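Please walk me through this structure.

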Amino acid sequence: MTDRQYPATSRPTATSSILQKLSDHVPNSAQLVGLATLVISGGILLLLSGLTLTATVLGLIFFTPLILISSPIWVPAGFLIFVVVSGLLSFLGCGVAAVAAVSWIYRYFRGLHPPGSERFDYARTRLADTAGHVKDYAREYGGYLQGKVKDAAPSA
């Protein structure tokens, strides 16, 4: 390596080189505003979470005796509310499903081709073909079996 020749007045010292490196990495004003916003909002959220935790613990301390004393009322009431709400939701869900099914059937019979009608038509033709094959098979082998029965029992 070659040594650089510096004039006597501009020779770098240890402190000036550190200051030079620091000045190269100074954030601009937008970065400083972003950092300040991050620190302030993080502090506010930390304060709010601490207040929430404190209020929850104090609420449990003060209201636990009241909850324990009145629990014979709250448990059946909670169970009753759960049963009523779940029954209502299942009733409404079945009603929505029934309305959707009736709407699909109406559109299908009107010839509007709702989604899935091609699969329904395919299944219907497949069932009809299978029923036809079973009928032909029964005719063919049903007569055969009746002939075998007559051979085994002529009076039958």
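The side chains of arginine 124 and aspartate 121 form a salt bridge, at 3.6 Å from N to O. The term salt bridge stands for a side-chain nitrogen of Lys or Arg within 4 Å of a carboxyl oxygen of Asp or Glu. A search of the whole structure turns up one salt bridge. Arginine 124 and aspartate 121 are three residues apart in helix H4, so about one helical turn separates them. Arginine 124 is partly exposed, at 45% relative accessibility. Aspartate 121 is partly exposed as well, with a relative accessible area of 24%. Here buried means under 20% relative accessible area, exposed means over 50%, and partly exposed lies in between (1.4 Å probe, protein chains only).

A word on the source: this is a predicted model, in which local features need pLDDT of at least 70 and side-chain atom pairs count only at pLDDT 80 or more, while totals for chains, interfaces and linings use all residues. Residues are numbered from 1 along each chain as its sequence is written, and side-chain values use heavy atoms, with hydrogens and water left out.

Now the overall fold. The protein has four helices and zero strands. From the N terminus on, its elements run α-α-α-α. Helices (H or I, at least four residues) and strands (E, at least two) are DSSP runs, numbered from the N terminus. Of the 156 residues, 3% count as buried. The accessible surface comes to about 14,100 Å², and 73% of it belongs to carbon and sulfur atoms. These areas come from the Shrake-Rupley method with a 1.4 Å probe; for residues, only the protein chains shown count as cover.

Next, the aromatic residues. The whole structure holds four aromatic pairs. In tryptophan 104 and tyrosine 108, the ring centres are 5.3 Å apart and the planes meet at 5°, so this pair is stacked. Rings of Phe, Tyr and Trp (its six-membered ring) pair if their centres lie within 6.5 Å; planes under 30 degrees apart are stacked, those over 60 are edge-to-face, and the rest are tilted. Tryptophan 104 and tyrosine 108 sit four residues apart in helix H3 (residues 71-109), so they are separated by about one helical turn. Tyrosine 108 is buried, with a relative accessible area of 13%. Tryptophan 104 also pairs with phenylalanine 120: the ring centres are 5.7 Å apart and the planes stand at 80°, so this pair is edge-to-face. Tryptophan 104 belongs to helix H3 and phenylalanine 120 to helix H4 (residues 117-152), so the pair ties together parts that are 16 residues apart in sequence. Phenylalanine 120 is partly exposed, at 39% relative accessibility. Trp104, Tyr108, Phe109 and Phe120 make up one aromatic cluster.

What does serine 117 touch? Serine 117 contacts Trp104 and Tyr108, not counting residues up to four places away in sequence. Contact means heavy atoms within 4.5 Å. Serine 117 lies in helix H4 and is buried, with a relative accessible area of 1%.

Histidine 113 sits in the loop between H3 and H4. Its phi is near 50°, a positive value in a residue other than glycine. Is histidine 113 buried or exposed? Histidine 113 is exposed, with a relative accessible area of 59%.

On to the surface. Leu53, Val57, Leu58, Ile61, Phe62, Phe63, Leu66 and Ile67 form a nonpolar patch with about 840 Å² of accessible area together. Patches are made of residues with over 30% relative accessible area and no salt bridge: like charges are joined within 9 Å, nonpolar side chains (Val, Leu, Ile, Met, Phe, Trp, Tyr) within 5 Å. Leucine 58, one of the patch residues, is found in helix H2 (residues 29-69). Leucine 58 is partly exposed, with a relative accessible area of 41%.

Last, the record. An unreviewed UniProt entry lists residues 29-48, 55-74 and 80-106 under "transmembrane region". UniProt positions are given in the numbering used here, feature names are shortened, and annotations may be inferred rather than shown by experiment. In the model, residues 29-48 are 100% helix and 0% strand, with end C-alpha atoms 28 Å apart. Residues 55-74 are 95% helix and 0% strand, and their end C-alpha atoms lie 23 Å apart.
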